[in-house]
Amino acid sequence: MLITRSTTKTMANSSSLGIQSNAKRLSELQKNAIDRVRLTAPSVDSAASLQVMNVKADQAASDQYARNINNATNWLNTIDSSLTGSLDMMRRVRSLVIQGSNGSNGQLSREAIAVEVEGISAELLKVANSTYAGRSVFAGTSSGAQAYDPATGVFNGNTGTIVERRIGEDFTLRIDADGPATFGSGAGSAFQMLLDIASDLRTGGPVSDHIVSIDDRMQAMTTTLSDVGARATTVARALERNESRKVELESNRSALEDIDLAEAVTALEFQNTYYQAALGVTAKVLQTNLMDFLR
Amino acid sequence: MSTLASLQLARTGIDTARAGLIVTGQNITNADVAGYTRQRLETSSILPAASMTAFSNPSGIGQGSNVSGYARLGDDFLDSQARKAGAHATSTRIVADAFSSVEEITGEPTSVGVSALMQSMWAGWQDVTNAPGTTAPVSVMLEKSNTVADKLNTGLTELETQWEYSQAQLKQGLEETNALAKQLAELNQAIRTTKNAGGSVNEMLDQRSLLASAIGSRVGGAMYELADGTTEYKVGGIALVSGTSARAMTLTGGASPGDTPKVEWSHHPGVSVGTAEGAVAGHLQVLASSGPIATAHAQYKGFITELATTLNALHNGALTSTGAPAGDFFQVNLDGRLSVIPKNVSEVAIASPGAGDLDTSVADKISQLGKGSLDGSWNSFIGSVGAKSKAALTSFDLAVATQQGAEARQLSGASVDLDEENINLLGYQRSYQAAANVFNAMSEALELIVNLGR
């Protein structure tokens, strides 16, 4: 139905509605520019809201993986340096054994070698009790203060257990090393073997028989070391992947959620102009009245 | 025509002009009154005197003007259109508001939404796996769990408050409708009486229109004219007001979320009122079992139960830091609220039995719960709320646009234009002057005649 009659009231109404809708739009744009977030409620864009929620969940997970990777790296580094040190010590013992098995050594020189070997045994035990952040790295899931009893060289930790870290989606990695597999335990342990070597040196027993055992023990340590090395490489790759994933996720989130500031400010400027125009026109139109012209 | 009759003729002119001034004055002073419909003077000429006797000499000319009535320039059709559009805008606004509130309660997708707090809690469990045997990460995780429980519980409470508010509004709307219906019936009575007595009912008709708008904005429906000048107001096909008698509506149910309220006719118990527009209809939609509050409430409750059940299944039987087996982690109270059972770090289970005292496999499994159906069911709930809320907002915007158009059309016909009234005022002033002039002329002529014999 056509509107054929325009009255003071209809003009006042339509001016008021026009100003009101402009003001509403202006306040919306202001809020957007100040908060810089487009998705103030799911109804603004429900598909984007869902995506944003998923992206933020992934971001939280990535941050967590970064922390776990850091922790894993430190564990593996601790084990790596312990094993490298242990291998150095075993090489030294090997050369000492070769030296000591030479029949030309006198009692005194054999005594000196025995003392050094005993010293290395004690040092090796300390290395086997290496810790990171208060936990023995060779003790599995044990909470005991030391993986190996200093007096007896017996393994105190939990056998058959592993310590893991979650370094990626559905990806957990073992970060500890098996103490008994590397150092043995009790009577068959590396420390006991070194003490036996020392006593053989003193008593004049068959020292060179121990070389095979030393080699076996070194082989065990090398196996563990290369295993740890491989895992460290995996962790390093996981770190790289995680970092690039974080960047990707952040740019996803920003694209979905954030407002381009330049765009927001420009829109605000325009809307301000429209609002002022509406106000100006209303002022001009509503003031004119027949009564101004009578007499 | 006799001489005195000619004075009478002039007098009718003055009376008519004065009536015109009064009507114009009435229009101008009521220009801003809500619901006022402009009025216009209806005049007609008085017919020449009929021939009385064989000796009377009719002049053959009319005897002046008289006021035959005051016309009300309203249009019932436009009025009812505006009422209907207003009622629709009200009901869509109420529904859109309710959805908006539910969105605010969930707080998604901001950083204080349920989803973000849940992610933080799962991260807390992961931090526990990195440092078993230490108390700090466990404390932090307990804090985060309490935060999640608080957020969910607050959500339930706020939803229940929202329900109660809507219910109270519904009740009030119905009480007001019943009162307005009585007023409408009484007004109908007054209109009929006055009309039969021959008086002008224009102002009462305006009032009746306003009452109909008030009722319409609450329960929708439409008003129909009856033959005797009264009206019938029908809601959903049943008459709320019929001439001079009014009926009432009653409210049953709706005490808490899940208990759907029903609005029924008092005189037909069991028959629900077919209201589709207006505030009452809006609140009924909000409080329906498929409405925003009931579905959100059920979702929250279901989510809380699922969270507690899945986490407890892993926590139960696992070992705490003291080596003792643990019980449940979460407890769902009778009112549906969630609470965290462990109060200090030694009550939290982390290790799997038999895997060593610093094992963290249970904590790790718990931390992965978020990736399963829990997050999935919450996300799809939010998606659905977002989509429905958007639809409700769009409905509201369209309804408002329709309402503005309908009101503009109604006002265009019925409202007072001050310029027009000022012109009319000038016109009637001139008529009054002219009629007074005629009176003067007739009176002078009479004086001459009277002085003729002197």
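Modeller: Helices (H or I, at least four residues) and strands (E, at least two) are DSSP runs, numbered from the N terminus. This is a predicted model, in which local features need pLDDT of at least 70 and side-chain atom pairs count only at pLDDT 80 or more, while totals for chains, interfaces and linings use all residues. Residues are numbered from 1 along each chain as its sequence is written, chains are lettered from A and ligands numbered from 1 in the order in which they are written, and side-chain values use heavy atoms, with hydrogens and water left out.

The place to begin is helix α9 of chain B, where B:Phe396 is found. Contact here means heavy atoms within 4.5 Å. Not counting residues up to four places away in sequence, B:Phe396 touches B:Ala89, B:Thr92, B:Arg93 and B:Ala96.

Together with α7 (261-287) of chain A, it is included in what covers the buried residues of α1(A). Buried means under 20% relative accessible area, exposed over 50%, and partly exposed in between (1.4 Å probe, protein chains only). The buried residues of α1(A) include A:Thr10, A:Ser15, A:Ile19 and A:Asn22, and also A:Leu26, A:Leu29 and A:Ala33. Helix α1 of chain A covers residues 8-35, 28 residues in total, and it reaches 41 Å from its first C-alpha to its last, close to the 40 Å expected at 1.5 Å a residue. That expected span is 1.5 Å times one less than the number of residues. After α1(A) comes A:Arg36, with a positive phi near 60°.

Elsewhere in chain B, helix α8 (residues 361-367) contains B:Ser367. This serine, B:Ser367, counts as buried because its relative accessibility is 4%. Leaving aside neighbours within four places in sequence, B:Ser367 is in contact with B:Trp122, B:Trp125 and B:Gln126. With B:Gln126 there is also a side-chain to side-chain polar contact of B:Ser367, at 3.0 Å. A polar contact is a pair of N or O atoms within 3.5 Å; within protein, one must be able to donate a hydrogen and the other to accept it, and residues adjacent in sequence count only if both atoms are side-chain atoms.

The loop between α2 (76-106) and α3 (114-130) of chain B holds B:Gly107. At 12% relative accessibility, B:Gly107 is counted as buried. Apart from neighbours within four places in sequence, B:Gly107 contacts B:Val112 and B:Gly113. B:Gly155 lies 48 residues away along the chain, and its C-alpha atom is 9.4 Å from that of B:Gly107. The loop between α2 and α3 of chain B also contains B:Pro109, and the peptide bond from B:Glu108 to B:Pro109 is cis, with omega near -10°.

The axes of helix α3 (residues 107-128) and helix α5 (residues 190-203) of chain A come within 8 Å and cross at roughly 170°. The two helices α3(A) and α5(A) are therefore roughly antiparallel, a term for angles over 145 degrees, as against under 35 for roughly parallel, 65 to 115 for roughly perpendicular and the rest for oblique. The axes are lines fitted to C-alpha atoms, for helices over the stretch in contact, and angles run from 0 to 180 degrees between N-to-C directions.

The buried residues of α5(A) include A:Phe191, A:Met193, A:Leu194, A:Ile197 and A:Asp200. Against them pack α2 (46-100), α3, α4 (179-183) and α6 (210-257) of chain A. The end C-alpha atoms of α5(A) are 20 Å apart, in agreement with the 20 Å that its 14 residues should span at 1.5 Å a residue. A:Gly204, with a positive phi near 85°, follows α5(A).

Chain A also has a positive phi, of about 55°, at A:Asp170, although this residue is not a glycine. A:Asp170 is placed in the loop between β3 (164-168) and β4 (171-174) of chain A, and at 70% relative accessibility A:Asp170 counts as exposed.
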